[in-house]
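Please read it alongside the sequence and the coordinates.

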Amino acid sequence: GKTGDIVHAFELFTDNLIDEHCRESFQDFVNIDTLAERIGTRQNISLEYLSLKQGWCRAGFIVVNRNESGIPVQVEFVVENISAERKKELEARDALEEAYAAANKANASKSAFLNNMSHDIRTPMNAIVGFSSIAAEHIDNKERVLDCISKITASSKHLLSIINEVLDMSRIESGKIHIEEQETNLPAIMHDFMSMIQE
């Protein structure tokens, strides 16, 4: 409802209401001399800025009238408070960054797990291959062949237990496994372990 010099009004607006980090871009946005050219054939243009009193806002120029050449000759200046919208965007971005970091951490853990498992699997596999070769070379030595078969059996059981543990890991992730503690024979476990790697 007021009339006056819009250039002076925008200067006061900039000096009194705009955060210092946004003032230069806001001054360029409200420059009346270049406004028509910047709008061009569009219906409106907008700029987000930080207000000293209202937080994040969006300023906009909306074309009201154009001359016969299509150049804007009358515009409306509007300001919208977008602090709540901006807060949601920042929260969504933070959540996305956290999810991205968690996914990277999970991938790194899975890579480390697979690297470790490849070594764990290789040990009994090498034992199975090695003892099979030894048994083949000493096929006439019944005692040696039986010893190799015994160690191949122990290594196979160990390999199977590793594979089962890998499968159990996926069950744990899906919450479909029950952990049950049992007593075990440690000397027997150590004997089987030594049999696998001794050769």
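The points below are grouped by topic. The model is a predicted one. Its secondary structure consists of six helices and three strands, arranged along the sequence as α-α-α-β-β-β-α-α-α. The radius of gyration is 37 Å, well over the 16 Å that the globule rule gives for 199 residues, so the chain is more spread out than a compact globule.

**Overall form and surface**

- The C-alpha trace spans about 110 × 40 × 30 Å along its principal axes.
- Of the 199 residues, 19% count as buried.
- The chain exposes about 14,900 Å², and carbon and sulfur atoms supply 54% of that area.
- Among contacts between residues at least 6 apart in sequence, 47% join residues at least 24 apart.

- Helix α4 comprises 55 residues (residues 83–137) and should span 81 Å at 1.5 Å a residue; its end C-alpha atoms are 80 Å apart, which agrees.
- The buried residues of α4 are Met117, Pro124, Ala127, Ile128, Phe131, Ile134 and Ala135.
- Asn185 caps the N-terminal end of α6, with a side-chain oxygen 3.2 Å from the backbone nitrogen of Ala188.

- Side chains of opposite charge can pair when their charged atoms come close.
- Five salt bridges are found in a search of the whole structure.
- Glu48 forms a salt bridge with Arg58, with the closest N and O atoms 3.3 Å apart. This pair links distant parts of the chain, as Glu48 lies in strand β1 (residues 44–51) and Arg58 in strand β2 (residues 55–66), ten residues apart.
- Glu48 also meets Arg86 in a salt bridge, at 2.9 Å from N to O. Here the link runs between strand β1, which holds Glu48, and helix α4, which holds Arg86, 38 residues apart.
- Glu48 has a relative accessibility of 33% and therefore counts as partly exposed.

- Asp147 forms a salt bridge with Lys151, the separation of the closest N and O atoms being 3.2 Å.
- Both residues, Asp147 and Lys151, lie in helix α5 (residues 142–173), four residues apart, or about one turn of the helix.
- Asp147 is partly exposed, at 34% relative accessible area, whereas Lys151 is buried, at 13%.

**Charged network**

- Salt bridges that share partners join Glu48, Arg58, Glu80, Glu85 and Arg86 into one network.

Notes. Residues numbered from 1 in each chain as written. Predicted model: local features only at pLDDT ≥ 70, side-chain atom pairs only at ≥ 80, totals over all residues. Heavy atoms only, no water. Polar contact = N/O pair within 3.5 Å; in protein donor to acceptor, adjacent residues only side chain to side chain. Helix = DSSP H or I, 4+ residues; strand = E, 2+ residues; numbered from the N terminus. Rg over C-alpha atoms; globule rule 2.2 N^0.38 Å. Buried < 20%, exposed > 50% of the residue type's maximum accessible area, 1.4 Å probe, protein only. Contact = heavy atoms within 4.5 Å. Areas by Shrake-Rupley, 256 points an atom, 1.4 Å probe, with all protein chains shown as cover. Expected span 1.5 Å × (residues − 1). Salt bridge = Lys/Arg side-chain N within 4 Å of Asp/Glu carboxyl O.
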